[in-house]
Amino acid sequence: MDDNFIIDLYWSRDEKAISETSEKYGKYCYKIAFNVLSDQGDSEECVNDTYLKAWNSIPPERPSVLSAFLGRITRNLALNRYNYKTAQKRGGGRIESSLEELAECVSGSETPEDVLEGISVGRVINGFIAGLTQRNRNIFVSRYFYLESVSEIAEKYGLTEPAVKTALFRMRQALAVVLKREGAF
């Protein structure tokens, strides 16, 4: 079913929107949630929460790219659930390793001014990603947005794990240069 038709179902408050969303994007959302949570039950619950959040968000929002809209909701819900479940036990997981890799480029915010600066940093990062080759953009987004492991990325794009690690390392170095040049850090 066409995304615009599904969005129209949400706008008309037709419950068929949920079943159509589930049919078209259920596996996609589940994969995102599972990459973060590594738990079938929690991932399924997160996907169901995604449908509820989409139902409550459309309207007033009208997403231009439904898959990206749902992916962002799923990822945020999964990260929130992950943070809740691991509040007492930090370290060692897939998320930490992905985010630690980026820590060499981006530091955490401590003041409200830093949060406002984060908006412009986001623009710099988006510009950086847009300037990457299609392959490198896919690798970068797979690792740092979808939180896929290096081995999953290697398999997905027909590369070796060392090749993926090298590409990620070089992209992080380039991102650090761009962030410094733009005065972001």
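At what angle do the axes of H2 and H4 cross, and within what distance do they come? In this predicted model, the two axes come within 9 Å and cross at roughly 35°, and the crossing of H2 and H4 is right-handed.

Let me go through the residues of that contact, starting with the H2 side. Thr21, Tyr25, Tyr28, Cys29, Ile32, Ala33, Val36 and Leu37 are the H2 residues that take part, and they meet a set in H4 made up of Leu66, Ser67, Ala68, Leu70, Gly71, Thr74, Arg75, Ala78, Leu79, Arg81 and Tyr82. Sorted by class, this contact between H2 and H4 has 13 nonpolar residues, together with four polar and two charged ones.

Next, please look at the loop between helix H3, residues 40-57, and helix H4, residues 66-85, where proline 59 is found. Proline 60 is found in that loop between H3 and H4 as well. The peptide bond that leads from isoleucine 58 into proline 59 is cis, with omega near -20°, and the bond that joins proline 59 and proline 60 is also a cis peptide bond, for which omega is about 15°.

I would now like to turn to the backbone at two other loop positions. Arginine 13, found in the loop between helix H1 (3-11) and helix H2 (16-37), has a positive phi of about 60° although it is not a glycine. Leucine 147, which lies in the loop between helix H7 (134-144) and helix H8 (150-157), likewise has a positive phi without being glycine, in this case near 55°.

Are these two residues buried or exposed, or something in between? Arginine 13 has a relative accessible area of 35%, and is therefore classed as partly exposed, since that value falls between the 20% and 50% limits. Leucine 147 is buried, because its relative accessible area is 0%, and the limit for buried is under 20%.

Finally, a word on alanine 176, whose place is in helix H9, residues 161-181. With a relative accessible area of 15%, alanine 176 counts as buried, because this value is under the 20% limit. How far apart are alanine 176 and isoleucine 125 in sequence and in space? The two are 51 residues apart along the sequence, and their C-alpha to C-alpha separation in space is 9.8 Å.

Notes. Residues are numbered from 1 along each chain as its sequence is written. This is a predicted model: local features need pLDDT of at least 70, side-chain atom pairs count only at pLDDT 80 or more; totals for chains, interfaces and linings use all residues. Side-chain values use heavy atoms; hydrogens and water are left out. Helices (H or I, at least four residues) and strands (E, at least two) are DSSP runs, numbered from the N terminus. Buried means under 20% relative accessible area, exposed over 50%, partly exposed in between (1.4 Å probe, protein chains only). Axes are lines fitted to C-alpha atoms, for helices over the stretch in contact, and angles run from 0 to 180 degrees between N-to-C directions. A crossing is left-handed if the near helix is turned anticlockwise from the far one by less than a right angle, and right-handed if clockwise. Contact means heavy atoms within 4.5 Å. Ala, Val, Leu, Ile, Met, Phe, Trp, Tyr, Cys and Pro count as nonpolar, Asp, Glu, Lys and Arg as charged, and the others, Gly among them, as polar.
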